[in-house]
Amino acid sequence: MGKKLLQTGNQYHKPYRPLPIALFNRAGKVAEKLGMLGDLNTDQLMANARRKSGLDDYGDPWFRQPLSVLVDAINQQANLTPLGKLIQKNRLEAALVVRLRVQQLLKEHPEILDINLGKMVIIAGLQRTGTTTLHRLLAADPQMRALLSWEALNPLPLPNEKYGDPKKRIAMARTAEKGLAYLAPEFFAIHPVEHDAPEEDVLLLDLSFMSQSPEATLHVPSYASWLEAQDHTPAYEYLRTLLKILTWQRPAANWVLKTPHHMEYLDVILKVFPDATIVQTHRDPQKTTGSFCSMVSHGRGVFSDQVDAREVAQHWMRKVNRLMQLSIEVRERANNQRFVDVSYYDLLEDPIAQVARIYKAAGLPFDQRAAEAAEATSKRNVQNRYGKHVYHLKDFGLTREDIEQQTAFYRRRYGIPYEK
């Protein structure tokens, strides 16, 4: 008899907790009541990063404001478990350490800033529309560079790491992958996080504390609102610097990036990456909305015991509508030849043909080696490899009519069919 296929549950208000983690959180709550476990503090986080890295120069301190707004939102709104708070503390300190080390590296190797990133393909489709599949198909080409998960966790060589030998960073990422699988085994059925696979570059934007990641994993509405009113040019310029640092370590002719976050700031992308080709994927919102709300609810459950699935839906219905509207507005002003639209259904039917279309639009040669690499990746990424994602609109207080009312303009714009 074969192994039973894992299916995700819908008890979002009662996240899964392994017994050791439940006991840790229980002890942590006692420590909180006794005043032994306090709130996050921006000054302390920055001081801890200086101590851990042995470095002192952060360079331009513009990032401090987004960090402070995020820290305040986490303290006041996120309702984190003790483990959740510890994880967020470690993540923020690790990001600050990277910023310190980036500043030091650029002092030692200023020539990094002169690196040419080559052709840039940026996948900026909505969540659950085939962006991960397309990203991996493009990244399979040896001439195409993508951010890998282990690089997202540690984008710079570690101290005493031999140039070109990142084995320790890869091992650390493998441990992190196992840790997530232990904390939230169902999450991999929704969105696989594999240590050596292409990953979303929104994780590099996290290093500027200006990304959608916090609102996708935590309840931080004040931070999310603040973020929408800011100029994201500094964050994208820092992303460009990080891509040059990654290219310096592992050169390639061209880059492929991917994250739904980019839909919100296409105007900034076209300014910072003026020659980029933007790829937008499209799928029936009736199929993607519930799936994404489920993904966010499961993700928030890693860090908090208080997950309101209906609040998640309200927040992200508005957010997705904003992404749709802003992306259309930018496209109406920009050169439309810079954009490629890919139907999710065409991607399923003939993925290699869609990759070829993108190469042509980007001015890249689609040779036999690129085709064979994409074909091999297509066969390897089998649906439901980690389990089956099960979700229901009613769990989020949504109806098909609600979704259609919010997304009909987008469906008409791109001729998106209703999916059976």
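Trainee: Which way do Thr277, Val279 and Thr281 point from E4, and which way do Ile278, Gln280 and His282 point?
Mentor: Thr277, Val279 and Thr281 point one way from E4, while Ile278, Gln280 and His282 point the other way. Keep in mind that this is a predicted model.

Trainee: OK, and how many residues of strand E4 are buried?
Mentor: Six of six, so to speak: strand E4, residues 277–282, is mostly covered. Both sets of side chains, Thr277, Val279 and Thr281 as well as Ile278, Gln280 and His282, are buried.

Trainee: What does E4 pair with?
Mentor: Strand E1 (residues 120–123) is joined to E4 by three bridges, and strand E5 (residues 339–343) by five. E1 and E4 run parallel, and E4 and E5 run parallel too.

Trainee: Which residue in E4 is the bridge partner of Ile122?
Mentor: Ile278. On the E5 side, Gln280 stands opposite Asp341.

Trainee: Switching to charges. How many salt bridges are there in the whole structure?
Mentor: The search finds 26. One of them pairs Lys85 with Glu32, at 3.3 Å from N to O.

Trainee: What does that pair tie together?
Mentor: Lys85 lies in helix H4 (residues 82–108) and Glu32 in helix H1 (residues 19–33), so the pair ties together parts that are 53 residues apart in sequence.

Trainee: Is Lys85 buried or exposed?
Mentor: Lys85 counts as buried, because its relative accessibility is 13% and the cut-off for buried is under 20%. Glu32, at 25%, counts as partly exposed.

Trainee: Which residue forms a salt bridge with Asp57?
Mentor: Lys107, with the closest N and O atoms 2.8 Å apart. That pair links distant parts of the chain, 50 residues apart: Asp57 is in the loop between helix H2 (42–53) and helix H3 (64–77), and Lys107 is in helix H4. Asp57 is partly exposed at 31%, and Lys107 is partly exposed at 49%.

Trainee: What about Glu161 and Arg169, buried or exposed?
Mentor: Both are buried, and their side chains meet in a salt bridge of 2.8 Å, N to O. Elsewhere, salt bridges that share partners join Glu215, Glu228, Glu264, Arg318, Lys319 and Arg322 into one network.

Trainee: Last one: which residues form the negative surface patch?
Mentor: Asp346, Glu349, Asp350 and Glu375. Glu349 sits in helix H16, residues 344–349, and is exposed, with a relative accessible area of 69%.

Key:
Residues numbered from 1 in each chain as written. Predicted model: local features only at pLDDT ≥ 70, side-chain atom pairs only at ≥ 80, totals over all residues. Heavy atoms only, no water. Patch = residues over 30% accessible without salt bridge, like charges linked within 9 Å, V, L, I, M, F, W, Y side chains within 5 Å. Areas by Shrake-Rupley, 256 points an atom, 1.4 Å probe, with all protein chains shown as cover. Salt bridge = Lys/Arg side-chain N within 4 Å of Asp/Glu carboxyl O. Lys, Arg positive; Asp, Glu negative; His and termini not counted. Charge placed at Lys NZ, Arg CZ, Asp CG, Glu CD. Helix = DSSP H or I, 4+ residues; strand = E, 2+ residues; numbered from the N terminus. Buried < 20%, exposed > 50% of the residue type's maximum accessible area, 1.4 Å probe, protein only. Pairing = 2+ DSSP bridges.
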